[in-house]
Amino acid sequence: MRLNQVFLEFLKVFATKEHPLILFLDDVHRADIATLTLLDFILRSKDLSHIYFILAYRKNEVDNQHPLLLLLSSVSKAIQSTQIELEPLKLEHIEDLICDTFSLRRRSLTRPFLEENSDNSSSVMGLAKLVIDKTAGNPFFVMMFLTSLYRDHLLYFNMDQSRWMWDLSQIQLRNVTDNVVTMMMERIKTLPAQTQDLLSM
């Protein structure tokens, strides 16, 4: 209990009216009981103000009896809180992401994501649909997949034409695992042997 109070006083140093504090805690469903107890103590404190907590957890990894959900249910009755459920990215979101990332212009409102003189093999719409099919809209997989396409030169900048290009037929052949660990292991295998040896220590 004394440690909880010390931590609370520590937060009060940084959370002030002139400089409000925002704390983002990811994967809180993995927190142990002691950490959740500390979090409960802080959230309920009447002495702490000018602080905003953002807690993120994976809904598919908790059930109704999970300590985190029990804590959130209890705390929500004592403080103001909002729950936002993040859904997978939709096709239009990925189209936006591709256009923004590669500085592609939107041609019109009716066909906003097709470049002038583009064909089906290089259209943003076509790439976005493939990304959706391969990743199911998972934001992490989307970024990993696009990064792997660039790394393997399936998505590249054509200096002569001054534009980004890709070949949908080749990208279609790429596989994407639905397991983050497998994906990371595959990425590690592309690193130099010396780097892999260091990571295995």
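Trainee: Which residues have the most contacts inside the largest nonpolar core?
Mentor: In soluble globular proteins, nonpolar side chains tend to be buried together. Here the largest nonpolar core has 20 residues, and those with the most contacts inside it are Ile98, Leu127, Leu149, Leu155, Trp166 and Ile171. Such a core is a set of buried Ala, Val, Leu, Ile, Met, Phe, Trp, Tyr and Cys residues joined through side-chain atoms within 4.5 Å. Buried means under 20% relative accessible area (1.4 Å probe, protein chains only).
This is a predicted model: local features need pLDDT of at least 70, side-chain atom pairs count only at pLDDT 80 or more, and totals for chains, interfaces and linings use all residues. Residues are numbered from 1 along each chain as its sequence is written, and side-chain values use heavy atoms, without hydrogens and water.

Trainee: Which helix supplies the largest share of this core?
Mentor: Helix 5 does, with 5 residues. Helices are DSSP runs (H or I, at least four residues) and strands are too (E, at least two), numbered from the N terminus.

Trainee: What is Leu149 in contact with?
Mentor: Contact means heavy atoms within 4.5 Å. Beyond its neighbours within four places in sequence, Leu149 touches Leu127, Leu154, Leu155, Ile171 and Arg174. Another core, of 16 residues, lies apart; Val28 and Phe53 are among them.

Trainee: How many bridges join strand 1 to strand 2?
Mentor: Two strands pair if DSSP finds at least two bridges between them. Here 5 bridges join strand 1 (residues 21-25) to strand 2 (residues 51-55), and the two run parallel. Phe24 has Ile54 as its bridge partner.

Key:
Buried means under 20% relative accessible area, exposed over 50%, partly exposed in between (1.4 Å probe, protein chains only).
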